[in-house]
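The following note sets out several points for a colleague who is examining the model. Please read them beside the sequence and the coordinates.

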Amino acid sequence: MWWIILTMLYVAFDVNYFVRAIFTVVVIFFSKRNLKLTDTITTYGICTTQDIDMMLNHMNNARFLRELDFARYHWYGRTGFWTKLRAFSGSAVQASSMIRYRKMLSLGQPFRIETNVVWWDDKCIFFEHKFITLLDGFVRAVAISRQAVTGVELSRVMDQFEESRCKPEQPDEIRHWMDAVDISSRKLRKER
């Protein structure tokens, strides 16, 4: 009878996601922490059969975005940002992402994701993530993700970190991307 319940839970929920989330928290706990916000945080993965698309040979586009979630969890945990954010009763949500695929990530290929904070404004943190295959060092995909901080002013949290006192210049690709997001937002407001 218990196996029926487990099977139903597995079908109803993405159990692998929750197992991986727990595993990620454990790894973060035992990893080097208190890194600077400006440090590159590297996570590792391998393209498995659960990641591939209908062609059965390379990573599905949606899986790239899921990998970004775990890369950001590492950044939040290892820099201590999440702890400081929660101390202010704040939270963070994915506001938008932009990804450029350069070359497919094949089944069985090990890779790393290098995560960097590249800029922030009054409400959001902007990350750059590079998917790099381990065997050849090729950048397979580059993603920018924008995390909106809610429940607290972002500046209050950033002020807790000495390295945030020297804010980087806004990269051109983010400026152009935010212009496109603004145009899209205005268009949707007009449609309402």
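1. In this note a residue is called buried under 20% relative accessible area, exposed over 50% and partly exposed in between, with a 1.4 Å probe and protein chains only. The model is predicted: local features need pLDDT of at least 70, side-chain atom pairs count only at pLDDT 80 or more, and totals for chains, interfaces and linings use all residues. Residues are numbered from 1 along each chain as its sequence is written, and side-chain values use heavy atoms, without hydrogens and water.

2. Leu-56, in the loop between strand 1 (41–46) and helix 3, has a phi near 60°, a positive value in a residue other than glycine. Leu-56 is exposed, at a relative accessible area of 58%. Ser-89, in the loop between helix 4 and strand 2 (91–101), is likewise not a glycine and has a positive phi of about 60°. Its relative accessible area is 56%, and Ser-89 is exposed. Helices (H or I, at least four residues) and strands (E, at least two) are DSSP runs, numbered from the N terminus.

3. The axes of helix 2 (residues 15–30) and helix 3 (residues 61–79) come within 10 Å and cross at roughly 30°. Axes are lines fitted to C-alpha atoms, for helices over the stretch in contact, and angles run from 0 to 180 degrees between N-to-C directions. Helix 2 and helix 3 are therefore roughly parallel, a term for angles under 35 degrees.

4. On the helix 2 side, the contact (heavy atoms within 4.5 Å) involves Tyr-17, Arg-20, Ala-21, Thr-24, Val-27 and Ile-28. Helix 3 contributes Arg-66, Glu-67, Asp-69, Phe-70, Tyr-73, His-74, Gly-77 and Arg-78.

5. A nonpolar core is a set of buried Ala, Val, Leu, Ile, Met, Phe, Trp, Tyr and Cys residues joined through side-chain atoms within 4.5 Å. The largest one has 18 residues, of which Trp-75, Phe-81, Leu-85, Ile-125 and Leu-154 touch the most other members. At least two residues of this core come from each of helix 3, helix 4 (81–87), strand 3 (110–120), strand 4 (124–133) and helix 5 (154–158). Helix 5 supplies the largest share, three residues.

6. Apart from this core lies another, of 12 residues, including Met-59, Phe-64, Leu-68 and Phe-131.

7. Leaving aside residues up to four places away in sequence, Leu-85 touches Gly-90, Ser-91, Ala-92, Val-149, Val-152 and Val-157.

Conventions:
Parallel < 35°, antiparallel > 145°, perpendicular 65-115°, else oblique.
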